[in-house]
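Here is a short tour of the fold you are about to see. Keep the viewer open and follow along as we go from the whole chain to its sheet and then to its surface.

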Amino acid sequence: MTKNSFDIKIRTDILEFLRKMKLFKLDNYIPEDHYADSVKEISRKGAFRDIYEEICKTYSYDIMLIDGSIFQFHKENDNYRYCFMQSPKVKYSWEEYLYVNDLKEDELTEEESNLYRSCYDNDEEDSFRRVENPMYIPYDVSGEEYFECYHPYSHLHIGLHNELRIPVSKVLTPDQFAEFSVKMTYRELWKEKYDQKIIYEFHKQVKRKCESVDEKYWSANDQLDLFLV
């Protein structure tokens, strides 16, 4: 991918896809590396929630979804780094908020109702539910780090286990990675939009844009491993 085509995929294809999925919230994409040093440091050893909160606090994300989940996309020469982090908390609906706090709206005084509504609107901690085991999907491509049968050139991580590398025989485009992350995380929404043909054409075309890994980074021995096509 050229730098220009990489940027276009993020600024056009991904945003269009996310809008069709009714998931898009914020576009913070900057082609240059804008991830805070504190994020890079905490990502090496931090817990999921600490990493997520530092990314949000320093605006070190490229796209945010309506539930607070985030994407990062970075290209440096022929090296790529993508990451999806599902928000570890999701805001209750007003009705859910009342229920979990054992409140009945018709029994509240006007003053009490205004107070609770203010807490809810101001995103107080009790207006969110925690997400158990939120999705964390990093993806890397690096020629410098490639090592036959040990460190795949193109690979997916699952969760915080950096040594868990699933080889991929293609170089994923940003839009292919976005589709994969959304499908894995929002399966019911995905099925709904797919059945309605809203994302059918996107799904049909997106994988075709992914180039195969060059043979010098994809040996016969590498292909003996379990890998994603």
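Of the 229 residues of the chain, 46% count as buried, where buried means under 20% relative accessible area, exposed means over 50% and partly exposed lies in between (1.4 Å probe, protein chains only). This is a predicted model, in which local features need pLDDT of at least 70 and side-chain atom pairs count only at pLDDT 80 or more, while totals for chains, interfaces and linings use all residues. Residues are numbered from 1 along each chain as its sequence is written, and side-chain values use heavy atoms, with hydrogens and water left out.

Along the principal axes, the C-alpha atoms fill a box of roughly 70 × 40 × 30 Å. The chain has 8 helices and 11 strands; these are DSSP runs numbered from the N terminus, with helices (H or I) of at least four residues and strands (E) of at least two.

Now to the sheet. An open sheet is built from 7 strands in the order β1-β2-β3-β4-β7-β8-β9, with antiparallel pairing. Its edge strands, β1 (24-27) and β9 (166-167), each pair on one side only. Two strands count as paired if DSSP finds at least two bridges between them. In general, strands of a sheet pair through backbone hydrogen bonds.

| Strand pair | Bridges | A bridge partner pair |
|---|---|---|
| β3 (70-76) and β4 | 7 bridges | Ile70 and Met85 |
| β4 and β7 (136-141) | 6 bridges | Cys83 and Pro138 |
| β8 (154-156) and β9 | 2 bridges | His155 and Pro167 |

How many of the 7 residues of β4 (79-85) are buried? The count is 5, so β4 is largely enclosed by the rest of the structure. Together with β3, β4 forms a hairpin with 2 residues between the strands, and Asn77 in the turn has a positive phi of about 60 degrees.

Finally, the surface. Glu95, Glu96, Glu105, Asp106 and Glu107 form a negative patch there. Patch residues have over 30% relative accessible area and no salt bridge, and like charges are joined within 9 Å; a salt bridge would be a side-chain nitrogen of Lys or Arg within 4 Å of a carboxyl oxygen of Asp or Glu. One member, Glu105, sits in the loop between α4 (94-100) and α5 (110-121). With a relative accessible area of 41%, Glu105 is partly exposed.

Definitions and conventions
Patch = residues over 30% accessible without salt bridge, like charges linked within 9 Å, V, L, I, M, F, W, Y side chains within 5 Å. Areas by Shrake-Rupley, 256 points an atom, 1.4 Å probe, with all protein chains shown as cover. Lys, Arg positive; Asp, Glu negative; His and termini not counted. Charge placed at Lys NZ, Arg CZ, Asp CG, Glu CD.
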